[in-house]
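Q: Could you take me through this structure feature by feature, giving the general idea first and then the case at hand?

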Amino acid sequence: MLKLVEDADRGVLVGATSAGPVGGELLHGLNVAVHAEVPVERLRHMINTYPTFHRAMEAALVALR
């Protein structure tokens with residue numbers, strides 16, 4: 001499970017949580033994105049380098065729309 005929280009007015013990620021056996025794979029990058037106020041639109045086009053759980057990120061970003 002991957003849950004993302006967006007500040008829709010600013011279009012930036014403000015929170016993320018993950019649970020599951022490989023849930024930690026994306027958390028470091030999401031933590032950086034929150035602190036750096038990376039636009040969600042930029043995250044939608046990001047290529048995640050660790051291939052096993054990245055599809056959860058894509059689905060969670062689509063759900064923010």
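**Salt bridges, core and a polar contact**

A: Let us begin with a pair inside one helix: E41 and R44 are three residues apart in helix α2, so about one helical turn separates them. Helices (H or I, at least four residues) and strands (E, at least two) are DSSP runs, numbered from the N terminus. The model is a predicted one, in which local features need pLDDT of at least 70 and side-chain atom pairs count only at pLDDT 80 or more, while totals for chains, interfaces and linings use all residues. Residues are numbered from 1 along each chain as its sequence is written, and side-chain values use heavy atoms, with hydrogens and water left out.

Q: How should I read a salt bridge, and how many does a search of the whole structure find?

A: Side chains of opposite charge can pair when their charged atoms come close. The term here requires a side-chain nitrogen of Lys or Arg within 4 Å of a carboxyl oxygen of Asp or Glu. The search of the whole structure finds three salt bridges. In one of them, E41 pairs with R44, with 3.0 Å between the closest N and O atoms.

Q: Which residues are linked in a network of salt bridges?

A: The network links D7, R10 and E37. D7 bridges to R10 with the closest N and O atoms 2.9 Å apart, and the side chain of R10 also meets that of E37 at 3.2 Å, N to O. Because E37 lies in the loop between α1 and α2 and R10 in the loop between β1 and β2 (12-18), this pair ties together parts that are 27 residues apart in sequence.

Q: What is a nonpolar core, and which residues of the largest one touch the most other members?

A: A nonpolar core is a set of buried Ala, Val, Leu, Ile, Met, Phe, Trp, Tyr and Cys residues joined through side-chain atoms within 4.5 Å. The largest has 13 residues, of which L2, L4, L13, L30, M57 and L61 touch the most other members. Two or more residues each come from β1 (2-7), α1 (27-36), α2 (40-44) and α3 (54-63), and α3 gives the largest share, three residues.

Q: Which residues does L61 touch, leaving out those up to four places away in sequence?

A: Contact means heavy atoms within 4.5 Å. By that criterion, L61, which is found in helix α3, touches L4, V40, L43 and R44. L61 is buried, its relative accessible area being 3%. For L30, again leaving aside neighbours within four places in sequence, the contacts are L2, L4, L13, A16 and M57.

Q: Is S18 buried or exposed?

A: S18, in strand β2, is buried, with a relative accessible area of 17%. A polar atom of the S18 side chain lies 3.4 Å from the backbone oxygen of M1.

Notes: Buried means under 20% relative accessible area, exposed over 50%, partly exposed in between (1.4 Å probe, protein chains only). A polar contact is a pair of N or O atoms within 3.5 Å; within protein, one must be able to donate a hydrogen and the other to accept it, and residues adjacent in sequence count only if both atoms are side-chain atoms.
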